[in-house]
Amino acid sequence: MLNYTLRRLMFTIPTLLLISFIIFIILDMAPNDPTGNLPLTIPPEVREKIRASLGLDSPMYIRYLLWCQQFFINEPLNLFNQWFGWCVGDCEGRLRVTSWATRSPVVDLIAERMPQTLWVVGMSYVVGILIAVPIGVISAYKQYSWFDQIGTLISMIGFSVPTFFTGVLLIVIFSVWMPNDSVFWLPSIYDTTLKVVDWSSFVQQMRQMAMPVMVLALFNAAQISRYMRASMLDNLSQDYVRTARAKGLKEKSVLLVHVLRNSMIPVVTVIALGIPQVFGGAIITEQIFKVNGLGQLLIIGIQGADIPLVQTLTFLFAVLIVLFNLVADILYGFLDPRIRYE
Amino acid sequence: MKLTHIIAGTLGAALLSTTAMAQERGRDGNVNVIYWQAASILNPYLSGGTKDIDASSMVIEPLARYDENGNMVAVLATEIPTPDNGGVSEDLTSITWKLKEGVTWADGSALTAEDVVFTANYCMDPDGGCQQLSKFGGVESVEALDDLTVKITFDGPKPFPYGPFVGSTTPVIQAAQFANCTGEAAPTCTEQNFGPIGTGPFTVTEFRANDTISLAANENYREAGKPAFATLTFKGGGDAASAARSVLETGEFDYAWNLQIAPEILADMEAKGIGTVLSGFGPLVERIMINLTDPSADLGETRSTVANPHPFMSDMAVRQALSMAIDRPLLVEVGYGKAGKVTCNVLPSPAIYDSPNNAGCEVQDIAGANALLDEAGWELGSDGVRAKDGVRLSILYQTSTNAVRQDFQALIKQWWTEIGIETELKNIDAAVFFGGDQSSPDTFQKLFADLEMYANTFDGTDPEAYMGNWACSEIPSPDNAWLGGNMPRFCDPAYDALIVEMGGTADINERARLAIEMNDMLMQSYTIIPLVHRGNVSARANTLEGVKLNVWDSQLWNVADWSRAN
Amino acid sequence: MSDTVETTEIADDRKYRSLWGDVWVQFRHHRGAMIGTVVFFTILIAVAIGPWLWTIDPGYANIRVRNQGMSLAHPFGTDQLGRDMLAQVLQGGRVSIAVGLTAMAIALLLGTLIGVLAGYFRWLDGPLMRLTDLFLALPLLPLLLVIIMLFRDTLRGMFGPETGIFILIVFIIGVTSWMQTARIVRGDVLALKEREFILAANSIGTPSKRVILRHIMPNILSPIMVSATLGIATAIITESALSFLGLGFPSDFPTWGRLLFDGTQYISQAPSRVIWPGLAISLTVLSVNFIGDGLRDALDPRIRGR
């Protein structure tokens, strides 16, 4: 297994380089333009000058190599510098990956947004999994019981009603209809500058997270619970379950040790695919509640054709995808020792 | 205690408390402002976006700005220079600004003429990518005559010399702070661009790009007792509807910007009674631009260029019929409500430029349009579409993606069906449509469609540059890399002559006459079909006082005067 | 279909029973699946012939009756331009169901194919899974912009505006949503191919194609069914996101996702504008889900026997 992991890790480097190049080509070909969102009162000649000042007049491969240099060499050196205070090479004049819209280093922007994204999207993912797994297990164990039917109903509605709708619905209920002084009133706008220092600010943080987390958790739970249920059902009818029961094992251990473990493969896949998306943020939900996390950063970058920003974010996203898929592959081996990659 | 004493005492106390009230800076705590487009930078020279300009206008200020009525008012200057007071030279080639005495930057140092000179050079540096460069068009030199006097010299007569340093697009930045940020270094100065030191009522305490700006009252602000708010939170992100909701329905925010949402929804929100919708009218006009050239894909390179006239749009009867079939009052009612007015001009504002010669377009006339087309020989076919000599009146109608525009498309398509014109609708993502990317076929300059709809306006109050858009030389084509503002490909030597004439005319009434004449040429040839004179819509909480919606300048232009109602 | 029913019923009494006959019998005993089937076909029939029965033109803006609630003349109310909501929901259903089913089918086909190949053939695993990683990592929106820029005009020219865009959208959604299915199927295949019955099949020299079709496929049916149900919902919603970005159908072309999106703004003023399209999407997804459940149960020989 270790061998396999190392080989895969080595293989990821060319893969990621290739992915980064393809992403760059796509971003470069995309017809949106960094001056597209500027007021029409700015004349075309000035727009040309702006494009030139962003380096858009040099050929594509030069800009790609420049990004590579900035991202793979300058940014790590800079991090090194910040963490350990050691200076390698030219610390002041080193060019970092800089966003076109904000003219600030992309990595700093990402770091600034990480907290709210992890709080809201990450929390909703955890909540979603915590709800989904038990629901999936019980639904499968008691197939076609009222619990299963209601679970199915809720999860299907949760999945087929998009977040742009549930978000607005919750705001109308909890922020508009609910009187402002009620304990159930929830803020519709997320305050990213809030710092949790004491109990009351913690409560405030929980309140402002409540609605976006609810919206996203419903969506995530719906999906995961369906896979969990289906996979459990498959395994419950297998011979080894009958054997286990016949051997007199407790129902609880049959279910939770044997069946659950064997049913986890598709669920692990779904969860592993979902974790990078946590870091990718939730574009629509972030927009509705103005969480302004990574999802909002990405969408603003895309709308403004901010190539360095989008390229960096998407690439980091790609790294996470590749890594978590590797983690999933390794987990398969633990869940089902018969799976061999050698 | 004697009675007089008591009276004097209470009087004194009352006086004291009112003066204390009026004088104490930061007495009203915090105010929350929401812009649904988040500010990404606080340097208008590096970002021309309205959100960035508005946000920075609280911190850095120009020499003069426009008030809510479109009049120029001095900010850092003592007065507006004019030919009458000698501030503008006789030959119109230079303007001399005098700075107010005793103005200090937020860090306590004095504002001098050198700062103004530095700012001009900062923007005019060829490597800086300055987005307000057009404001400095024709500027030959900017020099400091003494500590408080700046002279701007132009390369020729400039009848309207109020480009540089008038309005929030060109504020004065501090030379000391930006000294190492000129030219190619401009974009690398993150710290400076995120937290400029200014002369305005607020200073930046924390800047989170594309998210939230926290500001605090500027302790060195030149007006005593202002601003009334100690801190200001400028939140960005989301969409117009939720921004409106946060002011009008949930009361979490005090001011929301640019609420272009369905009028009935806005009215419903306002009915809750905790906020007020404000609207004001600048020169923004939603219009249809007719393509006078042939956009057919078969033409290859010469598609949508003057080489090929349009098969039917070059017939004025068709263009006129298109305009007559539109019910403009209904469009206003459906799309904009209080924030829109019917207009028959592409230049409806300021009032002095508004042509009186095109009235009548507000009445929809389907029968008249049909008669006009019949007369011009466009016969109704069996499929309900008119045709002449094998040319069918079938139109591709493009615009950017936006709920109101799609409603307009649907309504207008229906009216045009009634006069026998077939319409196919197309909407394009705004970043692509307005992006001007050379490789994209969907930009508004290329206009690979029979007509397109969007809104345009101009900065400040002078329409010279705006009317100059429809000169022959402004026609976008492959030769000029599709740059240029003349989307209809309208070309008339008489029109070009008027532009030249306006460039040499200083008298405001004479300029108005010329602008009206140009407007009428465009209107009466039905090259541009104006639809709605659009206003800006914002909302404020009822507890917020002193807000004056300004359409000529930053909406936060008088944030120093805002205060909390008791 | 009715032929099958009769033959099965007759066959039931005799000794001989066909596989599909068995499946059908089992399927009919599944109450949820039957309800799902009935609901799904009702929706299909409604959107297929509905526009002929309810003859109001969904695009006709009758501006005098805009923003109306439910009434006899307009059972689902009207929108902000006075267009009849019932007509729009019926018309929109055609597009949404067509897009949902086709895009789901493409995604499922691609996903299953790639997943099975990667899981079963070790030498394909690396390249195919890296391809999956690539597709997962691609920035969707710029990719869409590029695809639209490159192909919209060509397809519009070849098939006309509506069919051209339909092909484009279905292709886009299909091609960008197969990855999850592929990963899940591969994970299951990896586990399956080490099981005894596959080893047995291999050891008697069964060709790979036959092993896959006969032994692997039936055993990975349940995650595929779940993917299918979720895929329809995703496709319908994604379509609305596309048109919101100006990448989808022309704006006068109603779809369920678009109706729901447009109606969300009016949620307090006219709840009926979100209830009907929302209900339509949910019911479709729910019914497909139950059909999927029923099919899965019916195809599982262990359950079928019970």
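The model is predicted: local features need pLDDT of at least 70, side-chain atom pairs count only at pLDDT 80 or more, and totals for chains, interfaces and linings use all residues. Residues are numbered from 1 along each chain as its sequence is written, chains are lettered from A and ligands numbered from 1 in the order in which they are written, and side-chain values use heavy atoms, with hydrogens and water left out. For the complex, the predictor gives an ipTM of 0.84 and a pTM of 0.85.

Along the principal axes, the C-alpha atoms of chain C fill a box of roughly 75 × 50 × 35 Å. Of the 306 residues in chain C, 58% are buried, a term that stands for under 20% relative accessible area, with exposed over 50% and partly exposed in between (1.4 Å probe, protein chains only). Among contacts (heavy atoms within 4.5 Å) in chain C between residues at least 6 apart in sequence, 66% join residues at least 24 apart.

The mean pLDDT of chain C is 83, and 91% of its residues reach 70 or more. Confidence in chain C is lowest in helix 1 (residues 2–13), with a mean of 45, and highest in helix 4 (residues 85–120), at 92. Residues 1–14 of chain C have pLDDT below 50, and this stretch has 12 contacts in the model beyond near neighbours in sequence.

The contact between chain C and chain A takes 56 residues from chain C and 59 residues from chain A. About 5300 Å² is buried between chain C and chain A, with 68% of it on carbon and sulfur atoms; buried area is the accessible area (1.4 Å probe) that two parts lose on being put together, summed over both. Arg130(C), Arg183(C) and Leu230(C) account for 11% of the area that chain C buries against chain A, more than any other three residues.

Three salt bridges are counted between chain C and chain A, each a side-chain nitrogen of Lys or Arg within 4 Å of a carboxyl oxygen of Asp or Glu. A salt bridge joins the side chains of Arg186(C) and Asp329(A), at 2.8 Å from N to O. The elements giving two or more residues to the side of chain C that touches chain A are helix 5 (122–137), helix 6 (140–175), helix 7 (179–192), helix 10 (221–244), helix 11 (256–264) and helix 12 (272–299) of chain C. The residues of this side comprise 28 nonpolar, 14 polar and 14 charged; Ala, Val, Leu, Ile, Met, Phe, Trp, Tyr, Cys and Pro count as nonpolar, Asp, Glu, Lys and Arg as charged, and the others, Gly among them, as polar.

Asp336(A) lies in the segment after helix 12 (307–335) of chain A and is buried, with a relative accessible area of 6%. Leaving aside neighbours within four places in sequence, Asp336(A) is in contact with Ile265(A) and Ala191(C). The C-alpha atoms of Asp336(A) and Asn262(A) are separated by 7.0 Å, the two residues being 74 apart along the chain.

Between chain B and chain A, 56 residues of chain B are in contact with 51 residues of chain A. These two chains bury about 4200 Å² between them, 55% of it on carbon and sulfur atoms. In chain B, the residues that lose the most area to chain A are Gln131(B), Arg208(B) and Asn210(B), together 14% of what that side buries. The interface of chain B and chain A has zero salt bridges, while 17 residue pairs are in polar contact (both at pLDDT 80 or more). By class, the side of chain B that touches chain A has 19 nonpolar, 26 polar and 11 charged residues.

Terms used
Helix = DSSP H or I, 4+ residues; strand = E, 2+ residues; numbered from the N terminus. pLDDT = per-residue confidence, 0-100. Polar contact = N/O pair within 3.5 Å; in protein donor to acceptor, adjacent residues only side chain to side chain.
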